[in-house]
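Here are my notes on the model, in numbered points. Have the structure open while you read.

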Amino acid sequence: MARALAAHAGTGPRLSDVSKARSRRTSRRAWLYAAPAATVLVGMFVVPLGLAVWMSFHKWPLLGDSQPFNFPANYTAISDDRLFTAAVGFTVKYTAIITVVLLTLSFGLAVLVQESKRRVTGVLRTVFFLPVVTGLTTAALLFLGLLSPSAGPLDDLLAHFGAKVDWLGQPTTALISTVVMMTWRFAGFYMIILLAGLQAIPRELYEAASIDGANRWRALWSVTLPLMRSNLALCTVLIVTGGMVAFEQFYVMTRGGPDNSTVTMVMTIFRQAFSQFNLGVAAAMSVVVLLGLVVLNVVQMRLLGDTDEVAR
Amino acid sequence: MIQRRILSGAAGVGVLAMALVGCAGGGSGAGSTTNGGAAEPVTLTMWTRSVTAVQSQALVDAFNTEQNGKIKIDLTVVPFAEYLQKVSAAASGHNLPDLLAANVIDGPNYSKLGLWSDITARVAALPFADTLAPAHIAAATTGGSVFAVPHVLDASSLYYNKILFEKAGLDPEAPPTTLQEVADDAAAIAALGNGIGGLYLPGDCGGCLAFTLFPSIWAAGGTVMNQDGTKATLDSTAAADVLGIYHSMWANGSMIPESRNEAGATQNAAFEAGTAGFALLGSKALGTLKENDKLKIGVAPIPGPDGGTSTFVGGDVLGISSSSKHADAAWTFLEWSLGDAAQLDIYAKGGFIPVRTDLAENTYAAADPRVVLINSLVKGGQTPYSPRFFQTFNDAQGPFLALVREAIFGSGVDSLPKANDAVTASLEAGA
Amino acid sequence: MSAAARRVLGGVGAAGVAILAALFIGPILWVAWGSVRNGGSFSGTNYTRLVHYGAGLWTYVSNTGLVVLLTVVGSLVISVFAGYAFARLRFPGSKALFVGILAILMVPHTSLLIPLYIWLDRLSLGNSLVGVSLVMVMYQMPFSVFMMRNSFETVPRELEEAALMDGCSPRTALRRVLLPAVAPGLITVGLFAFLASWNEFVTPLILLSDGDKYTLPLALVNLVQGDWGMIDFGALQAGVVISAVPCIILFAFLQRSFVSGFTNGAVKG
């Protein structure tokens, strides 16, 4: 830095001084703007996370004041949990399915709404978004009711046609039912995000593409998708990460059944903490999941080409 | 008129309580000694599970009214499925409520974790100490010390639909007295067809299955665990007999198919709709199920394979948390809740089972022979004891549910020995 | 393609859209219908049960309202400033901060519950609606900051530079020029913060000890699942309707902004 200064000594030290001062002012302003976010991040996330990591290194009795250090006992205990390995596989499977289904459908709905006649646009947008206003727990309870043989209309409807589906009693149907519920609940959410991105694409680009002879699909591929990149990236990150930490939907709809076929990773963490009362092991599992997700997201971001934008 | 009875009865108990406390050498803490007018008002916090909210609320409301500000209890109802979460969070933060209720099967676990304070002496000093539901007291006793008292009782029984009995040609006043007879009757009812089934069982709920299957094993003179709850004995002949009968009910179609998926949340539904001949339910159901032209409720004790009867005494126990600063005021409430006034004028009158065996036959119960029957079961009933009960039997991913599902819906009782080992492993863990 | 074929295809397409719409709205209609039915006839008993439950519906609604207000305001303030900083300003540590915010997504809520409980208690925010709101703001940060960053990025720099040249200070430029430009993003962030905090169940359940401070989802679950063996589907349906109505109204009110007010041209046929 000093050498650069000296090098510029003759040409205009004031200029580089000014630009340095400006960048310092910018940084200060930037940090001022970023301060609220940073405060909440540190105060409400980093500290509790640190506490969780600390818990993972200690034997943590429910009551009592002594917490003896026991690393790596909590971590090696993870492999003793007979459900964890299977849960990892199931969670990955579920995430893959929900990502494909949800992304495709949300994007399709966004395009649908975008292209629809002005009269029905508002209606369609509202209809598809409506499920999002229910909470996840409520949506799961709602679907439990829908699929219930006693309280719900579906079984009666199917009985008319002489059909019967064991909605939640078989591993496959239980998974599908949960995926359907999640899709119903979240498609509108991601549709809105993608819609915002779609609407930001200038019409001129489409006109230019059609002049070049591109049909609808080609326009979609070469105009829409590239310009939707950051919104699609946001959606993918949210869906994939959400899938990997999936818990509530299975906890309410299938309880991990039938016969432990829909147990997710976080469900095993929950079980360790609140059924087995092994808070230290649960914390260790959380750390492992977090590390795995960090790696996953780094890979994801790189693939989706977002890192250069982050580094700005 | 009734209020005056409650007040006079409560006043009597109150005086007795104060005298007792005074005799106990003067307890510390506010609001516990004689009414010299210097006692400050005490507010206590109490947590109860949502499934026992009605009973707890009734008691707390009456107590607060009578105490008239001297001791006030703030009752928080917690969704029962998340109860353990809240308790573990509060315990970690040393923030437990003064009065902490628990599912009775969690009693040994809570005692072992030190969440409750020792009330052995206080309980022993009660005039009716011997009549407190023995099963609950046993569950609340660890290492010879008592940590909680019975709060709400829920005894499992065999419910049957008298209307369906008649339709199937069975005598509605002569319910089955052996488990095999239950199976035969269920088959007869299932033969009625038309959407009618024989037995509806909560087949995907570990806790519910323990609640309903264990009595048959006990009635046959068998056990489900060893004395201190560290070894399972579900591969015994008695268990195999019981599970074998249920397996045959599933195989020959007398069990309603949806039983296999029933996780307990809607286990009353089929019976209440009049489409199930039998259901094994708790005593609380008697108060909540509504009779109609499709359902007339009959109640019988749960029988063993060849006879005998027993019941699983479930429900909640209530203790004073070890971190409470108002132990004496909290005890005032506990003692009051076990007294005649509370047990008769609030519980029995409201259709709930009194937690004292000496009050089993009371004027309110006499109005309904079914209530008398259920009350009488409590004395001979059991509550299984294990510090790892919830983790082993109630947990949806636990080994007990897997054992029962394989034995009833799967390959049958040959799977028992191996499955039993998994249950034992869970009972021993973390010991 | 002939005109007739195109018409048939159009008809099929329209039918498909109609079916899709029906699938989405079906469960909601079932809920609304069931909420006013009791035992085969119309009745308001489900709603009266809900209104009189526990500490009264109004208490739970106002508790939830407070959490929602704090969460929405907090999320907007934080994400506008942070989003702007990420999009427009270069500063040391920005990458670390952004990654840190994203990391919030990767920790399951379950894992943070007990540490949060202990830590908030230490801060004297235990058993408080303010504490719950702060946690909700934290959970919303990844989405809201990411969304606002994207929104600010799509605003052409020329707009801002023009304002600056006209003599605006950077802060005034932000307020007068940029905020209106990112209005859709603001609305999305606000709406989603509203929905998330209005419907959140597990966080207030663990962090609140007083029944009187319970939020609406907690009271609802207590009422619906309270008695073992019977799910009160009627009360559930009434509860879903009551929970959904404010959100639907808000969305209906806001959705007009999704079509208007874009600086780089709307794209509607």
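This is a predicted model: local features need pLDDT of at least 70, side-chain atom pairs count only at pLDDT 80 or more; totals for chains, interfaces and linings use all residues.

1. Arg356(B) sits in the loop between helix H14 (340-350) and helix H15 (363-366) of chain B, while Asp340(B) belongs to helix H14 of chain B, so the bridge ties together parts 16 residues apart in sequence.

2. Chain C has an average pLDDT of 84, with 93% of its residues scoring at least 70. The stretch to watch there is residues 259-269 of chain C, where the pLDDT is below 50; this stretch still has 25 contacts in the model beyond near neighbours in sequence.

3. Back to the charges. How many salt bridges does the structure hold over all chains? The total is 18. One of them joins the side chains of Asp316(B) and Arg49(B), at 2.8 Å from N to O. That pair links distant parts of the chain, with Asp316(B) in strand E13 (residues 313-320) of chain B and Arg49(B) in strand E1 (residues 42-49) of chain B, 267 residues apart. Both Asp316(B) and Arg49(B) are buried.

4. Another bridge in chain B runs between Glu291(B) and Arg370(B), whose closest N and O atoms are 3.3 Å apart. Here too distant parts of the chain are linked: Glu291(B) is in the loop between helix H12 (284-288) and strand E10 (297-300) of chain B, Arg370(B) is in helix H16 (residues 369-380) of chain B, and 79 residues separate them. Glu291(B) is partly exposed, with a relative accessible area of 41%.

5. Now find Asp204(B), in the loop between strand E8 (197-200) and helix H9 (206-219) of chain B. Is Asp204(B) buried or exposed? With a relative accessible area of 17%, Asp204(B) is buried. Leaving aside residues up to four places away in sequence, Asp204(B) touches Ser259(B), Arg260(B), Asn261(B), Glu262(B), Ala263(B), Leu401(B) and Arg405(B).

6. The interface of chain A and chain C comes next. The contact takes 88 residues from chain A and 84 residues from chain C, and the area buried between them is about 8000 Å², with carbon and sulfur atoms giving 78%. Helix H2 (residues 13-56) of chain A supplies the largest share of chain A's side, 21 residues. By class, that side has 60 nonpolar, 20 polar and 8 charged residues.

7. For chain B against chain C, the contact takes 28 residues from chain B and 25 residues from chain C. About 2200 Å² is buried between the two, and carbon and sulfur atoms give 58% of that. The salt bridge count is 0, and 6 residue pairs are in polar contact, both at pLDDT 80 or more. On chain B's side, the elements giving two or more residues are strand E2 (71-78), helix H3 (83-92) and helix H11 (269-272) of chain B. H3(B) gives the most, with 6 residues. By class, this side of chain B has 13 nonpolar, 12 polar and 3 charged residues.

8. Among the buried residues are Tyr83(B), Gln85(B), Lys86(B) and Ser92(B). Just after H3(B), His94(B) takes a positive phi of about 55°.

9. Last, a residue in chain A. Arg118(A) is in helix H5 (residues 118-129) of chain A and counts as exposed at 63% relative accessibility. Ala284(A) is 166 residues from Arg118(A) along the chain, and their C-alpha atoms are separated by 53 Å.

Definitions and conventions. Residues are numbered from 1 along each chain as its sequence is written. Chains are lettered from A and ligands numbered from 1 in the order in which they are written. Side-chain values use heavy atoms; hydrogens and water are left out. Contact means heavy atoms within 4.5 Å. Buried area is the accessible area (1.4 Å probe) that two parts lose on being put together, summed over both. A salt bridge is a side-chain nitrogen of Lys or Arg within 4 Å of a carboxyl oxygen of Asp or Glu. A polar contact is a pair of N or O atoms within 3.5 Å; within protein, one must be able to donate a hydrogen and the other to accept it, and residues adjacent in sequence count only if both atoms are side-chain atoms. Helices (H or I, at least four residues) and strands (E, at least two) are DSSP runs, numbered from the N terminus. Ala, Val, Leu, Ile, Met, Phe, Trp, Tyr, Cys and Pro count as nonpolar, Asp, Glu, Lys and Arg as charged, and the others, Gly among them, as polar. Buried means under 20% relative accessible area, exposed over 50%, partly exposed in between (1.4 Å probe, protein chains only). pLDDT is the predictor's confidence in each residue, from 0 to 100.
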